[in-house]
Amino acid sequence: MSAMQSENWRVAPGGALHGEARVPGDKSISHRAVMLGALADGTTQVTGLLEGADVLATIEVFRALGVVIDGPEDGAVTVHGVGWEGLRAPSGPLDVGNSGTSMRLLAGLLAGLPFDTVLTGDASLNRRPMRRVTEPLAEMGARITATEAGTAPLHIHGGSPLTGIDYKLPVASAQVKSALLLAGMRAAGHTCVTEPAPTRDHTERMLQGFGYPVSRDLATVCLEGGRRLYGTRVDVPADISSAAFLLVGASIAPGSDLTLRHVGWNPTRTGVVEILRQMGADIEVLGTDEVGGEPVADLRVRSAGLRGIAIPEELVPLAIDEFPALFIAAACAEGETLLSGAAELRVKESDRIAVMAEGLQALGVTVEAREDGARIVGQPALGGGRVHSHTDHRIAMAFAIAALRAEAPVEIEACENVRTSFPGFVGLLRELGMGLEVDPDPAQTP
Ligand code: S3P
């Protein structure tokens, strides 16, 4: 993916969030729908797909591997599956841009193919740790060369026979679990992955939806290699990770009343709602349903006085992508919020502990960054100021929401990657009542 022009925002202070919205499709489920659809026999019809840059990168990878994919158009995609045998050697490196999920899951998937491939990404992704997938894949027999630092580009040498392993994940990671399950489909015997704490289980659910047997016994998930996937329909729910910004925004902005439709309500993803409720948020579940093996819910959120809490460590993996938004909730809560057991935040699209602490401090908040978390002292209002997102989409969106409780404009640098997970974010915030300018005239900057 070519380097993108930097985009800055200026968000007007104050206001409230009102109305109804359906945020874009779930990123994790969208990636998996494209991947399993491509590997399946027959066609897969996907609706509600996230048309964000990360998922588009996954689509482009499969096109480069010879798979015909129609769309996306209004979230609809048809994947003409070719089965494992139908994938073809690409003519060059596979560039997944900013997408960690694409890179880690594809490392597992490509390891079982008969030809060589190279996976690369943008500057941020090429700094992120990949040994967590390359090491267990090597135990299965894969031959993958990374940089000396264990980062991408990853050269995946095809044609190595894989054998199933029984692997205990050292960190709670759905990406690593999924990479091993994808490789396991091509491996001899059983592949079993044991998690130290529950992580999102979309891969397991979707494999079953495509007719691939998966078993779970407590923390261990297993599959046997050599079975087939069959094309199916996938209806992608709205992404709770995107909804999280609006849940926090409506909670902290007095007078807000917002309903979010068809939000993914998978219990391995609802940690953010549990944490916000423990802080005193008013989030009501209006109705639940199940679409293609994934629960969904309509959520109504009204503003509430939040209180600081010690976030239970067992909720951390269930809310791992929502901490940028939760840091803003904590900064607006009464009293202190303590986060621990969250060292993984340091290796996301940015070092989210350091970057959130730096940004909140720029808005006048007392934050102590710790190795595995932070102590955040809430205050009645935030100052305005200038913060840097370090090109991390979720940092940019978190600080946009923070403006709802700020006393002066919040300026955010490098927001271009918001398109990776939440295209239409700016337009939606404006519709719901916020004032947000893209690339404001620097002469007007206070
Ligand atoms: C994801 C898993 C999480 C999450 C990422 C998406 C997935 O990463 O942070 O945004 O789709 O499997 P880890 O598994 O590394 O925690």
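Which residues does aspartate 239 touch, not counting residues up to four places away in sequence? In this predicted model, the contacts are Val23, Pro24, Gly25, Asp26, Lys27 and Arg269. Aspartate 239 itself sits in a loop. That loop runs between β14 (233-235) and α7 (240-252). The relative accessible area of aspartate 239 is 2%. Buried means under 20%, so aspartate 239 counts as buried.

The space that the ligand takes is the largest pocket. Residues surrounding the ligand include Ser28 and Arg32.

In arginine 32, a side-chain N or O atom lies 2.6 Å from an oxygen atom of the ligand. For aspartate 321, the distance from a polar side-chain atom to a ligand oxygen is 2.5 Å. Lysine 348 also takes part: an N or O atom of its side chain is 2.7 Å from an oxygen atom of the ligand. On its own, the ligand has 390 Å² of accessible area. The protein covers 96% of this area.

How values were computed: Residues are numbered from 1 along each chain as its sequence is written. This is a predicted model: local features need pLDDT of at least 70, side-chain atom pairs count only at pLDDT 80 or more; totals for chains, interfaces and linings use all residues. Side-chain values use heavy atoms; hydrogens and water are left out. Helices (H or I, at least four residues) and strands (E, at least two) are DSSP runs, numbered from the N terminus. Buried means under 20% relative accessible area, exposed over 50%, partly exposed in between (1.4 Å probe, protein chains only). Contact means heavy atoms within 4.5 Å. A residue is near a molecule or strand if one of its heavy atoms lies within 4 Å of it. A polar contact is a pair of N or O atoms within 3.5 Å; within protein, one must be able to donate a hydrogen and the other to accept it, and residues adjacent in sequence count only if both atoms are side-chain atoms. Accessible areas come from the Shrake-Rupley method with a 1.4 Å probe; for residues, only the protein chains shown count as cover. On a 1 Å grid over the protein atoms alone, a cavity is a set of points where a 1.4 Å probe fits but cannot get out, and a pocket is an open set with protein on both sides within 12 Å along at least five of seven lines; lining residues have an atom within 4 Å of a point. A molecule sits in a cavity or pocket if more than half of its atoms lie within 2 Å of its grid points.
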